[in-house]
Amino acid sequence: MSDIAIAKVLDLKGLPCPMPVVKMSQEIGSVQVGEVIEVHTTDPGSLSDFPAWASTAGQEVITTEQDNGVIKIFVKRLV
Amino acid sequence: MSADFEKQLTELKQKIDTMKPGPENKLSMVIFSGDMDKLLASMIIATGAVAMGMKVVLFFTFWATAALRKPEGQAKGKDLKSKMFGWMLPKGRNKTKLSQMNMAGLGTSMMKDLMKKKNAPSLDQLFDIAGQLGVQIKVCEMSMDLMGFKREEIIDYPNIDFCGVATFLADAKNSSIQLFI
């Protein structure tokens, strides 16, 4: 994802449900609208939880990657 | 025809004026159970819901009120039955037990070990996060009275109130999700 400018990297590795989305919702306000946060998590539930969170919170999950057990989720702040 | 149409229009306007707003983006949850596992599930749903941008109100009633007690001893000036309930019910959230496989406490302590190992949030952590996120806790006044709990025995939490069934119903009526656990 080298073509996306990352405003912030959020390391949530080792945190199980519900902490990834809780931390995400707390951190989304720390970047400007239009900027992207790169989230690292090891909770497999995050793969479905982040899109669900984004659709309710009005934000956008651009893409997800998996790399050696680490899930990388790219979240764009829309509102 | 146009007079008829105007009549319908005024009727419609009146209806719109008296219309109430639909349910809020809110979760109202009754927490009835005082079991550790059900409390964990409730608090995970509650903190998750705030993360999803919802307002959350938790109504603690019956057995669940014991989970809101401070771990210290009982308040003074209680009658015998209230004292007995006080002795027998868990003194706070960390003394609650699993609803299944408790096995005289062995199962519960094994579960707590596992949760620590897997880094799962404990009830202490979840209450702490819920408080920070603005989750409201409302405690059933009648359960408090039945179990003989006094207000000074209840934990310090940033957003805690005591109420009756009408408060819950008024909240639940305006909530998009209602749960009973």
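Trainee: How do β1(A) and β2 of chain A pair, parallel or antiparallel?
Mentor: β1(A) and strand β2 (residues 36–41) of chain A run parallel, and six bridges link them. Strands count as paired if DSSP finds at least two bridges between them. Helices (H or I, at least four residues) and strands (E, at least two) are DSSP runs, numbered from the N terminus. Keep in mind that this is a predicted model, where local features need pLDDT of at least 70, side-chain atom pairs count only at pLDDT 80 or more, and totals for chains, interfaces and linings use all residues. Residues are numbered from 1 along each chain as its sequence is written, while chains are lettered from A and ligands numbered from 1 in the order in which they are written.

Trainee: Which residue is the bridge partner of A:Leu12 in β2(A)?
Mentor: A:Thr41 is the bridge partner of A:Leu12.

Trainee: And what order do the four strands of the chain A sheet take?
Mentor: The order is β1-β2-β4-β3, in an open sheet with mixed pairing. The edges are β1 (6–12) and β3 (60–67) of chain A, each pairing on one side only. Neighbouring strands there are turned by 20° against each other on average, direction ignored. For angles, axes are lines fitted to C-alpha atoms, for helices over the stretch in contact, and values run from 0 to 180 degrees between N-to-C directions.

Trainee: Which strands does helix α1 of chain A lie across?
Mentor: Helix α1 (residues 19–27) of chain A lies across β1, β2 and β4 (70–76) of chain A, at about 150° to β1(A). Helix α2 (residues 46–57) of chain A lies across β2, β3 and β4 of chain A, at about 10° to β4(A). Contact here means that the C-beta atoms of two residues, placed from the backbone, lie within 7 Å.

Trainee: Which residues of α1(A) are buried?
Mentor: A:Met19, A:Pro20, A:Val21, A:Val22, A:Met24 and A:Ser25 are buried in α1(A). A residue is buried if 20 or more other C-beta atoms lie within 10 Å of its own, exposed if 12 or fewer, and partly exposed in between, with C-beta atoms placed from the backbone. The buried residues of α1(A) pack against β1, β2, α2 and β4 of chain A, together with α2 and α5 (123–133) of chain B.

Trainee: Switching to the chain B sheet: what's the strand order?
Mentor: Five strands make an open sheet in the order β4-β3-β2-β1-β5, with parallel pairing. β4 and β5 (175–180) of chain B are the edge strands.

Trainee: What about β3 of chain B, how many of its residues are buried?
Mentor: Four of the five residues in strand β3 (residues 136–140) of chain B are buried. Four bridges pair β3(B) in the parallel sense with strand β2 (residues 55–60) of chain B, and B:Leu58 has B:Ile137 as its bridge partner. On to strand β4 (residues 160–163) of chain B: four bridges join β3(B) to β4(B), also in parallel, and B:Val139 stands opposite B:Phe162.

Trainee: Which residues have the most contacts inside the largest nonpolar core?
Mentor: B:Ala46, B:Leu58 and B:Phe60 do, in a core of 48 residues. A nonpolar core is a set of buried Ala, Val, Leu, Ile, Met, Phe, Trp, Tyr and Cys residues joined through C-beta atoms within 7 Å. Helix α2 (residues 36–51) of chain B gives the most to this core, nine residues.

Trainee: Last one: where is the cis peptide bond at A:Pro18?
Mentor: The cis bond joins A:Cys17 and A:Pro18, with omega about 5°. A:Pro18 sits in the loop between β1 and α1 of chain A.
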